[in-house]
Amino acid sequence: MESKESTATTYEKIGGEATVGKLADRFYELMDSVSHFAELRAMHPESLAGSREKLFMFLSGWFGGPDLFVEKFGHPKLRARHMPFAIGTKERDQWVACMVLAMEDIGLDPDIRKVLLNNFFNTADFMRNKEG
């Protein structure tokens, strides 16, 4: 018989809504305050509240929790939604580095961070739409 732990979603393993909220908050706090992420920050509106809320809703469903983004906006269509922004390896790497720091800062389990890093990198890499 499978254990509850092996069938739990990432959303459940990390602590659900509260942890997803902390991750989205910390991600945008870092993006807004760390000069290394300046190009990434420049792609976002002055107020990060809407971006933060969309990331929270997306991650909720992506981690196996309530599919909040889909319920409100429909299919994520990540690549299409990111096409208006020039995203190359530098922007990808800044996004991934910011997420790595956010995951560390909120204390996600190292094994979960490792899996998520791989998933985040692959997704961020798929968003690239320019050379360099």
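A: Happy to. α8 and α9 are roughly antiparallel to each other, a label for angles over 145 degrees, while under 35 counts as roughly parallel, 65 to 115 as roughly perpendicular and the rest as oblique. Before going further, please note that this is a predicted model, in which local features need pLDDT of at least 70, side-chain atom pairs count only at pLDDT 80 or more, and totals for chains, interfaces and linings use all residues. Residues are numbered from 1 along each chain as its sequence is written, and side-chain values use heavy atoms, with hydrogens and water left out.

Helices here are DSSP runs (H or I, at least four residues; strands are E, at least two), numbered from the N terminus. Two packed helices are described by the angle between their axes and the distance between the axes. Axes are lines fitted to C-alpha atoms, for helices over the stretch in contact, and angles run from 0 to 180 degrees between N-to-C directions.

For α8 and α9, the angle is about 160° and the axes are 10 Å apart.

The contact is made by α3 residues including Phe27 and Leu30, and by α8 residues including Trp95 and Met99. It has 10 nonpolar, no polar and two charged residues.

α3 has another partner in α5: their axes come within 9 Å and cross at roughly 140°. This makes α3 oblique to α5 as well, and the crossing is right-handed. Among the residues that meet are Leu23, Phe27 and Tyr28 in α3 and Leu55, Phe56 and Leu59 in α5.

Now for the pocket. The largest pocket holds about 760 Å³ of space, a volume filled by probe spheres set on grid points joined across faces, edges and corners. A pocket is an open set of points, on a 1 Å grid over the protein atoms alone and with a 1.4 Å probe, that has protein on both sides within 12 Å along at least five of seven lines; lining residues have an atom within 4 Å of a point. Of its 25 lining residues, Tyr28, His44, Leu78, His82 and Trp95 lie nearest the centre. The elements giving two or more residues to the lining are α5, α6, α7, α8 and α9, and α5 supplies the largest share, six residues. By class, the lining has 16 nonpolar, five polar and four charged residues.

Definitions and conventions
Contact = heavy atoms within 4.5 Å. Nonpolar A, V, L, I, M, F, W, Y, C, P; charged D, E, K, R; others polar. Left-handed = near helix turned anticlockwise from the far one by under 90°.
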